[in-house]
Amino acid sequence: MTAKGSVIRVAGPVVEAKGLQDSVMHEMVEVGNDGLIGEIIRLEGEFATIQVYQPTTGLKLNEPVLGTGSPLSVELAPGLIGNVFDGIQRPLESIRQITGPFIKQARGVTALNREKKWTFNPTAKVGAHLIGGDILGTVQETDLVEHRVMVPIGLQGKLTKIASKGDYTIVETIATLEVDGKNADVQMLQKWPVRTPRPNTKRLFATVPLITGQRVIDTFFPIAKGGSAAIPGPFGAGKTVTQQQLAKWSDANIVIYVGCGERGNEMVDVLDSFPKLLDPTTGHPLMERTILVANTSNMPVSAREASIYTGIALAEYYRDMGYAVALMADSTSRWAEALREVSGRLEEMPAEEGFPSYLPSRLAEFYERTGVVETLGQDDRTGSICAIGAVSPPGGDFSEPVTQHTKRFTRVFWALDAELADARHYPSINWMTSYSGYIADLAGWWHNNVDEKWNGYREEAMRILQAEEELRNIVKLVGPEALPDKQRLILETARVLRIAFLQQNALDPIDTYCSPQKQFKMLKIIVDFHHLADGVVSKGAPIFKVTELPVMEDIMRMKSGIPNDQLDKLEELEKKMHANIELLEASLR
Amino acid sequence: MAGIGLEYKGVSSISGPIIMVENVKGVGYDELVSVKTQTGEIRLGKVIQVSQKAVTVQVFEGTTGLSPTATRTRFLGHSLEVPVSTEMLGRVMNSYGEPIDGHPRFFTDEKRDVNGYPLNPTAREYPKDFIQTGVSAIDGLASLVRGQKLPVFSGPGLSHNELAAQIVRQAQIRNANEPFNVVFIAMGLGHDDADFFRKSFEETGAIKNVAMFLNLADDPPVERILTPRAGLTLAEYLAYEEDSHVLVVMTDMTNYCEALREVSAAMEEVPSRKGYPGYMYSDLASIYERAGRVVGKKGSITQMPILTMPNDDITHPIPDLTGYITEGQIVLSRNLEKQGIYPPIYITTSLSRLMKDGIGKGSTREDHANVASQLYSAYAQYNSVKSLVTIIGEEGLGTRDKEYLRFGERFEKTLINQGKMENRTIEQTLDIAWDALSDLPEEELTSIKPEYIQKYLPKTDTEVK
């Protein structure tokens with residue numbers, strides 16, 4: 001029994017209706033003669049306040065409002081990967097085929113194609129007792145992703161029938177479970193309310209890094225699979241480029257890119273480039289592991305609010321299959337502004353800068369849906385979600401509420417810096433103000449998989465950068481020439497670290513992705529160089545002799561000159577560096 | 001449909017540009033309203049809220065002279081539409097697309113909703129065709145491409161008007177003979193400034209390709225909210241139905257935002273930063289995001305909004321929110337202007353996000369990207385040397401620093417600086433850049449491939465001998 005009411009007030013995306021006493025909070029409703037999609041966000045007696053996800057132009061009083069009986073949900077089934085959805089999972093490609101280049105109301109379009117057939121490969125055995133989360137069978141969704149069809153959460157019983165290997169649409173029954181003496185049919189298509197986290201068996205510690213191939217991130221401020229990070233920065237600092245680099249190169253199984261209130265042309269950039277870019281480990285197009293949720297800045301603001309939840313609900317679904325999922329949200333500030341706009345129309349009491357007082361709890365709810373978990377189901381699957389949220393602070397001022405609250409709920413903070421960006425130092429992640437809370441948890445992985453001296457070297461490099469920061473204040477007053485050679489060497493090494501290591505060119509075919517092994521070797525060469533040079537400078541070698549060493553140019557060019565699969569060249573470089581220093585030392589005697 | 005044609009007499013309240021009408025039936029949200037004053041003057045407005053109690057209407061021309069009892073309102077059953085036609089080229093219109101240049105009305109029945117519809121991201125085509133503006137600092141260092149939105153961040157009294165007029169005169173797609181039009185949108189512009197633009201277009205003959213939408217400083221601010229939308233509606237018609245490449249110049253976005261704040265305050269909305277409404281980002285996006293290219297359509301819309309930063313503050317909400325939406329920005333500097341440099345473009349904070357795909361072999365020249373990145377880093381070096389000079393004096397500098405000083409001065413005087421009527425090709429721009437770079441020792445040019453240095457770097461006198 002669904003509720004039926006009528007419109008009594010329209011104010012932009014906020015609509016009030018009466019006669020909805022039978023509906024429930026957060027129920028999805030169809031508003032008006034055009035059936036606009038909305039969600040109930042307040043109920044008082046028979047009066048409901050509805051947030052409408054589509055333009056309300058032309059909506060009149062007394063038009064009907066129909067309850068759908070279910071909360072705002074996402075459709076889950078093969079066909080998600082490679083697709084582009086808006087904030088409430090409407091398929092933008094299909095809408096374009098109906099309404100042309102401009103988005104208009106297209107009634108009856110479903111998120112996923114009901115006609116397309118997928119090859120289902122059953123793996124569960126008839127007679128087995130199955131619970132929610134157990135795998136019934138698999139579908140090769142793309143070359144990169146094996147879609148694992150699971151028993152819907154909440155269902156359990158004996159498997160009495162399972163479809164044989166063959167082609168099925170997502171609405172055909174592929175399995176039947178006997179639940180309390182009754183038969184329950186299961187289809188590939190399942191639904192899940194976006195605002196409810198999908199349950200798991202238990203949470204685990206995050207100990208494996210998300211390798212992004214970006215040196216400043218992986219080496220200095222790493223993020224774990226299952227971790228959460230914030231990228232705040234003023235406009236032009238490179239938030240989007242950084243997000244896109246992570247979407248391209250991180251070693252997650254599934255990437256969900258939520259373009260939340262951002263530029264249309266940026267989404268096209270992703271749509272254009274991802275099918276052409278190949279995954280460095282598998283060689284398949286990146287689009288084959290990517291889902292795009294695109295609610296650009298000119299699309300309805302309330303759907304922008306929903307887009308974050310749509311994204312994370314999809315992420316949880318793939319996590320439950322046992323995958324490592326990375327979710328990029330660009331930008332959470334636009335999401336918070338959508339929250340503010342709707343809150344304003346509801347005439348709620350504002351807290352800081354007009355944002356509603358529940359902004360921090362909403363942010364917390366979102367970031368708490370990340371993590372490494374043991375998934376539901378009887379096999380011991382683990383999956384993870386890592387969320388990386390861009391923050392666009394007004395005027396680049398990090399003291400504003402969205403940045404401050406995001407900081408409370410994320411463990412990694414990559415502060416983008418306008419000054420670095422103006423000097424064209426990219427990625428413009430400021431190494432003095434950024435931090436990662438995962439270093440201790442991830443050191444084990446680096447020590448086992450790359451080198452046991454990893455943390456030693458990274459701490460040493462940080463010390464050099466720190467020392468440079470202090471020296472720079474003096475240099476500003478007296479010029480570099482006035483410093484003793486030992487301190488000038490620190491400036492020199494720090495310059496090498498900044499240019500040869502921290503700066504990374506996203507447009508250079510080699511430098512755009514740097515493997516962990518290469519990162520470590522590069523860092524080792526620079527830090528070892530510093531110690532050796534320090535030795536010869538102590539013995540009286542003038543600083544200009546050190547900077548003139550021929551190996552310096554090789555070090556400066558190693559990031560783009562030596563491909564990831566030719567690390568022996570870095571070893572040669574290391575030998576050359578030692579030989580250069582020895583020669584210099586010999587010349588002193 | 002019940003309300004159409006019915007005229008309601010009397011309004012229940014008037015506050016700023018907002019009026020409330022009670023006991024109205026069948027009115028839709030966003031619907032157009034005609035408001036008749038007691039003297040018989042007709043004004044337009046739109047429905048911004050409908051409720052059982054009353055309909056809230058925003059009156060575009062303001063509420064001066066309206067009386068609660070004698071005002072008559074009529075609800076027109078559709079949202080605001082403006083005429084669109086190629087006849088509008090060479091003409092001057094108001095915010096409703098009606099001619100105000102004294103010439104006849106347009107013979108067109110084509111009308112379009114001013115708000116348009118959001119462009120489907122999957123229908124967009126990625127912009128990558130270089131537009132040559134003939135202005136070196138833009139072409140060389142913050143290149144404009146077709147379908148981009150690239151604003152000019154200026155300050156009161158800086159030469160943004162001259163720059164805009166120059167771009168309108170000179171902008172062209174290289175090696176292409178495709179229809180090219182300009183939609184010029186003036187918001188809250190003074191009469192002098194408006195005349196400057198009109199004269200400048202007339203003198204050069206550009207006027208026949210320009211449609212001018214004028215909302216002057218003494219026009220009602222509420223109308224200003226319509227002006228860019230009316231202009232962009234025509235731009236969309238020209239681009240996607242008449243296959244034209246349209247450059248939309250909008251000035252001054254600061255006046256637009258002020259109008260937005262005024263209306264928001266009259267509606268007693270909860271303000272966000274500096275009193276501007278919380279939805280200003282979305283509102284600006286609904287204007288700026290109308291730039292672009294569409295798959296399967298020949299035309300395109302390129303936007304160049306101009307705004308004056310209050311107090312030259314780039315973190316002020318207007319430039320700040322704009323910068324978050326647009327694909328880069330061109331920043332004018334008071335400091336350069338004082339040194340007599342025109343256009344006073346400060347390249348360090350200027351940026352074109354779409355430049356990377358619009359330049360290089362085939363569109364501009366192979367060395368373009370390398371040269372631009374070298375200029376950026378050398379100019380940054382020049383600026384840090386300059387600040388060192390203020391402390392330790394020029395004598396205290398090393399030779400390398402002195403070379404940077406010489407480079408920077410030459411770069412500002414020859415590359416950034418150019419005549420108001422001077423139209424440079426991209427090749428000329430790059431050659432001037434190489435001349436400036438020749439002040440630096442060759443080993444400093446680390447951003448440039450050695451083969452380009454070989455090919456383009458001017459040989460010094462000693463080498464020639």
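Reader: Leaving aside its neighbours within four places in sequence, which residues is R319(A) in contact with?
Author: Keep in mind that this is a predicted model. R319(A) is in contact with R198(A), P199(A), N200(A), V325(A), R369(A), V373(A), T375(A), G383(A), S384(A) and I385(A). You'll find R319(A) itself in helix α5 of chain A.

Reader: Is R319(A) buried or exposed?
Author: The cut-off for calling a residue buried is under 20% relative accessible area. R319(A) has 2%, so it counts as buried. Its side chain also makes a polar contact with the side chain of D320(A), at 3.0 Å.

Reader: What about A313(A), which residues does it touch?
Author: A313(A) sits in helix α5 (residues 301-320) of chain A. Not counting residues up to four places away in sequence, A313(A) touches V74(A), V194(A), R198(A) and R369(A). With a relative accessible area of 1%, A313(A) is buried too. For a sense of scale, take N505(A): 192 residues along the chain from A313(A), with 33 Å between the two C-alpha atoms.

Reader: Now the interface. How much area do chain B and chain A bury between them?
Author: The size of an interface is often given as the accessible area lost when the parts come together. Here chain B and chain A bury about 5400 Å², with 57% of that on carbon and sulfur atoms. In chain B, the residues that lose the most area to chain A are Y29(B), T122(B) and Y324(B), together 14% of what that side buries. By contact, 65 residues of chain B meet 61 residues of chain A.

Reader: Which element gives the largest share of the side of chain B that touches chain A?
Author: That's α8(B), with five residues. The residues on that side of chain B divide into 31 nonpolar, 20 polar and 14 charged.

Reader: And in which sense do β1 of chain A and β5(B) pair?
Author: Strand β1 (residues 4-11) of chain A pairs with β5(B) in the antiparallel sense, over two bridges. To find the spot on screen, look for R9(A), which stands opposite S51(B) in β5(B).

How values were computed
Residues are numbered from 1 along each chain as its sequence is written. Chains are lettered from A and ligands numbered from 1 in the order in which they are written. This is a predicted model: local features need pLDDT of at least 70, side-chain atom pairs count only at pLDDT 80 or more; totals for chains, interfaces and linings use all residues. Side-chain values use heavy atoms; hydrogens and water are left out. Contact means heavy atoms within 4.5 Å. Buried area is the accessible area (1.4 Å probe) that two parts lose on being put together, summed over both. Helices (H or I, at least four residues) and strands (E, at least two) are DSSP runs, numbered from the N terminus. Ala, Val, Leu, Ile, Met, Phe, Trp, Tyr, Cys and Pro count as nonpolar, Asp, Glu, Lys and Arg as charged, and the others, Gly among them, as polar. Two strands pair if DSSP finds at least two bridges between them. Buried means under 20% relative accessible area, exposed over 50%, partly exposed in between (1.4 Å probe, protein chains only). A polar contact is a pair of N or O atoms within 3.5 Å; within protein, one must be able to donate a hydrogen and the other to accept it, and residues adjacent in sequence count only if both atoms are side-chain atoms.
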